[in-house]
Amino acid sequence: MAALANKKKNMNYKATLTLSLLASLVLAACGGGGGGDSSSAAPASSSASSPSAASTPAASSPAAASAPAAASSPAVSGEQLPSLSSPQTGSTAAAGNGVEGIWTTQFGADKTSAFIDPQGNISYLDTVSGFALSQFFGVIAATAPNWTLTSGVAFSGGIYNLTTSGSGTFAANQTFAGSYVNNGTTVNLSWNYDAANALAVTQPSVAGTWAQTNSSVTIANDGTLSGTLSNCPVSGTLLLATPSSSKNLFTLSVTGTSASCTLASGATYTGNAAIEFLPITGSSLYTRSILFIIKAANNSVVAYGQLKKQ
């Protein structure tokens with residue numbers, strides 16, 4: 001893990017980002033490790049070979065041979081999106097405080113995914129076509145309809161800055177907007193309440209194996225986990241942010257188990273995660289994934305990804 005650099009005159013600090021390509025539609029994401037100035041290798045492209053055309057069966061008698069029955073399409077395995085107009089009992093949309101939960105905005109290939117937990121911890125990830133551009137972690141104080149940023153740190157391109165101010169408004173379970181100042185530049189926020197907030201969960205809802213290229217973790221019913229993130233072996237927990245609740249928001253905390261990896265042994269990386277839904281191409285159904293964004297306590301490393309249920 002790269003050592004934290006000395007403070008610069010422009011208030012920038014060095015950080016190491018574990019580069020991960022987020023899942024897009026039904027495709028598992030591609031990942032990679034390395035410093036913030038490293039470029040991710042493009043995923044290898046493989047296409048299935050075209051099937052040979054079936055030959056026409058020879059007639060065994062003057063009567064024409066009957067045509068073979070058309071092969072049936074495989075059944076699509078997925079589920080409908082939960083409904084914000086009729087949220088599941090105990091879900092964040094049904095039992096939350098109006099500002100906690102999952103917030104998203106998407107314009108074409110540009111997407112922002114944000115988490116706000118009941119304690120006011122806020123984090124978000126900006127991506128383009130699945131590649132992360134910037135990350136943010138902070139704390140807000142919210143009293144409807146206003147919120148104020150009490151502390152924050154913004155990451156971009158392997159550099160992070162401590163934010164100096166931030167505020168805005170929110171409409172409970174609908175919209176979140178405002179801005180903050182990052183190294184003298186105003187960053188505007190405009191998010192929508194995500195349908196995944198209408199999903200009611202239990203701790204075992206995340207049990208099983210979840211994976212993307214270069215990452216795979218297996219989670220037990222009690223939330224303990226082990227596996228790899230960006231090829232770094234880790235162990236830790238993925239626990240409900242509100243214990244014993246049905247709200248779809250979790251706290252991910254992992255410790256590296258290899259001294260030579262970016263997520264190094266002896267260091268702990270913590271942040272929020274949630275079950276998010278990915279659309280299945282050619283279907284009205286969705287598949288589940290776990291979206292997460294975590295960092296080291298000293299801000300030296302940020303990691304993020306989107307793991308599909310296996």
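This is a predicted model: local features need pLDDT of at least 70, side-chain atom pairs count only at pLDDT 80 or more; totals for chains, interfaces and linings use all residues.
Me: Which residue of S14 is the bridge partner of Ile-219?
Reply: Look at Leu-225 in S14. That residue is the bridge partner of Ile-219.

Me: How many residues lie between S13 and S14 in their hairpin?
Reply: Four residues lie between the two strands. Gly-223 sits in that turn, with a positive phi of about 95°.

Me: Which strand pairs with S14 over six bridges?
Reply: Strand S15, residues 232–240, does. The sense is antiparallel. Leu-225 has Gly-236 as its bridge partner in S15. S14 and S15 also form a hairpin, with two residues between them. Ser-230 in this turn has a positive phi of about 50°.

Me: How many disulfides does a search of the whole structure find?
Reply: First the general idea. A disulfide is a covalent bond between the sulfur atoms of two cysteines. Here the search finds one. The disulfide joins Cys-232 to Cys-261, with an S to S distance of 2.3 Å. The angle about the S-S bond is -95°, and the link is left-handed.

Me: Where in the chain do Cys-232 and Cys-261 lie?
Reply: Cys-232 is in strand S15. Cys-261 is in the loop between strand S16 (250–256) and strand S17 (268–279). The pair links distant parts of the chain, 29 residues apart.

Me: Why do Cys-232 and Cys-261 count as buried?
Reply: Buried means under 20% relative accessible area. Cys-232 has 3% relative accessibility, so Cys-232 counts as buried. Cys-261 has 13%, so Cys-261 counts as buried too.

Me: How many aromatic pairs does the structure hold?
Reply: Nine. Take Phe-137 and Phe-155 as one example. Their ring centres are 5.9 Å apart and their planes are at 85°. Planes over 60 degrees apart count as edge-to-face, so this pair is edge-to-face. Phe-137 lies in strand S6 (residues 131–143) and Phe-155 in strand S7 (residues 146–156). The pair therefore ties together parts that are 18 residues apart in sequence. Both residues are buried.

Me: Why is the pair of Phe-176 and Trp-191 called stacked?
Reply: Their planes are at 15° and their centres 5.0 Å apart, so the pair is stacked. Phe-176 lies in strand S10 (residues 175–182) and Trp-191 in strand S11 (residues 185–193), so the pair ties together parts 15 residues apart in sequence. Phe-176 and Trp-191 are both buried. Both also belong to a cluster linked by ring pairs. Other members include Trp-103, Tyr-124 and Trp-147.

Me: Which residue lies over the face of Phe-137?
Reply: Lys-295 does, at 5.7 Å from the ring centre.

Me: Which residues touch the most other members of the largest nonpolar core?
Reply: The general idea comes first. In soluble globular proteins, nonpolar side chains tend to be buried together. The largest nonpolar core here has 47 residues. Leu-229, Leu-238 and Tyr-269 touch the most other members. Strand S18 (residues 286–296) gives this core its largest share, six residues. A second, separate core has 19 residues, including Ile-140, Leu-149, Phe-170 and Leu-189.

Terms used. Residues are numbered from 1 along each chain as its sequence is written. Side-chain values use heavy atoms; hydrogens and water are left out. Two strands pair if DSSP finds at least two bridges between them. Rings of Phe, Tyr and Trp (its six-membered ring) pair if their centres lie within 6.5 Å; planes under 30 degrees apart count as stacked, over 60 as edge-to-face and the rest as tilted. Buried means under 20% relative accessible area, exposed over 50%, partly exposed in between (1.4 Å probe, protein chains only). A charge sits over a ring if NZ of Lys or CZ of Arg is within 6 Å of the ring centre and within 35 degrees of the ring normal. A disulfide is a pair of cysteine sulfur atoms within 2.5 Å. A nonpolar core is a set of buried Ala, Val, Leu, Ile, Met, Phe, Trp, Tyr and Cys residues joined through side-chain atoms within 4.5 Å.
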